[in-house]
Amino acid sequence: YALYRHRRLLRVSDRTSEHTYTCFLRAPSQLQLLAGPIMEHLRAGNLPSRLDIILLACSNGAEAYTIASWLRVRFPDLDFHIHASDLHQAMADRASAGEYSEDEALHSEYMTRAFLKDTFDINGTVYAVKPEVRKHVSFSAANILDGADLLARFGQAPLVIAQNVLFHLKPADAARAFANLVA
């Protein structure tokens, strides 16, 4: 289904080098799972004093900032950090800047006023991620096909997220990337 949706999106959407299909608040049901059963599972185990989350293929940073904002609001006492990366340093730099156009910030059909208020400082048409959200996220370039570098750079973490990336790879590379994610 995801491959079908992606192919359809490519057929009907204008492609530009300045646009990414990642958006803020893209999948509220996944965020509810994170704040519910996933956090319950993590807290039932030996959760370290700080929850480290690795998020690969972060694109423009919207997903990383969405998760950070969501966790900050629902678990105000939780010490956590999201180590986000993208294959391209330019994209990691763009995400690190934490500033988005109105179109980028409002692109999700699930956007709410509460999420906007919790996540952004709005100055005209510039949506800047709030410092209290940004402090939970760092960005760098990394290749999911380089398992040794991933492990050296990020170590292991109780939560690893790599959404909407493996289907872009050839099957053998996708299998290798998945093995790297699990490691």
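## Leu 166

Leu 166 is partly exposed at 23% relative accessibility, where partly exposed covers the range between buried (under 20% relative accessible area) and exposed (over 50%), computed with a 1.4 Å probe on protein chains only. The residue belongs to a predicted model, in which local features need pLDDT of at least 70 and side-chain atom pairs count only at pLDDT 80 or more, while totals for chains, interfaces and linings use all residues. Residues are numbered from 1 along each chain as its sequence is written, and side-chain values use heavy atoms, with hydrogens and water left out.

Leu 166 sits in the loop that links β7 (159–161) to α9 (171–182). Helices here are DSSP runs of H or I with at least four residues, strands are runs of E with at least two, and both are numbered from the N terminus. Not counting residues up to four places away in sequence, Leu 166 touches Ile 144, Ala 174, Ala 177, Phe 178 and Leu 181; contact means heavy atoms within 4.5 Å.

The C-alpha atom of Leu 166 is separated by 9.5 Å from that of Ala 57, although the two residues are 109 residues apart along the chain. Ala 57 is located in the loop between β1 (51–56) and α3. Its relative accessible area is 22%, so Ala 57 is partly exposed. Ala 57 is not a glycine, yet its phi is positive, at about 60°.

Leu 25 also has a positive phi, of about 50°, without being a glycine. Leu 25 lies in the loop between α1 (2–12) and α2. With a relative accessible area of 3%, Leu 25 is buried.

## Packing of α2 and α3

Two packed helices are described by the angle between their axes and the distance between the axes. For helix α2 (residues 28–44) and helix α3 (residues 62–74), the axes come within 10 Å and cross at roughly 55°. The axes are lines fitted to C-alpha atoms, for helices over the stretch in contact, and angles run from 0 to 180 degrees between N-to-C directions. The helices α2 and α3 are therefore oblique to each other; under 35 degrees counts as roughly parallel, over 145 as roughly antiparallel, 65 to 115 as roughly perpendicular, and the rest as oblique.

The crossing of α2 past α3 is right-handed, meaning that the near helix is turned clockwise from the far one by less than a right angle. From α2, Leu 31, Gln 32, Leu 34, Ala 35 and Met 39 meet Thr 66, Ile 67, Trp 70, Leu 71 and Arg 74 of α3. These contact residues divide into 7 nonpolar, 2 polar and 1 charged. Ala, Val, Leu, Ile, Met, Phe, Trp, Tyr, Cys and Pro count as nonpolar, Asp, Glu, Lys and Arg as charged, and the others, Gly among them, as polar.

## Ser 140

Ser 140 is part of strand β6 (residues 137–141). At 19% relative accessibility, Ser 140 counts as buried. Beyond its neighbours within four places in sequence, Ser 140 contacts Ala 84, Ser 85, Asp 86, Ala 92, Arg 153 and Phe 154.

## Cysteines

A search of the whole structure finds 0 disulfides, a disulfide being a pair of cysteine sulfur atoms within 2.5 Å. Cys 23 is buried, with a relative accessible area of 9%. Cys 58 is likewise buried, at 1% relative accessibility.

## Chain totals

The chain contains 9 helices and 7 strands. Of its 183 residues, 40% are buried. Among contacts between residues at least 6 apart in sequence, 76% join residues at least 24 apart.
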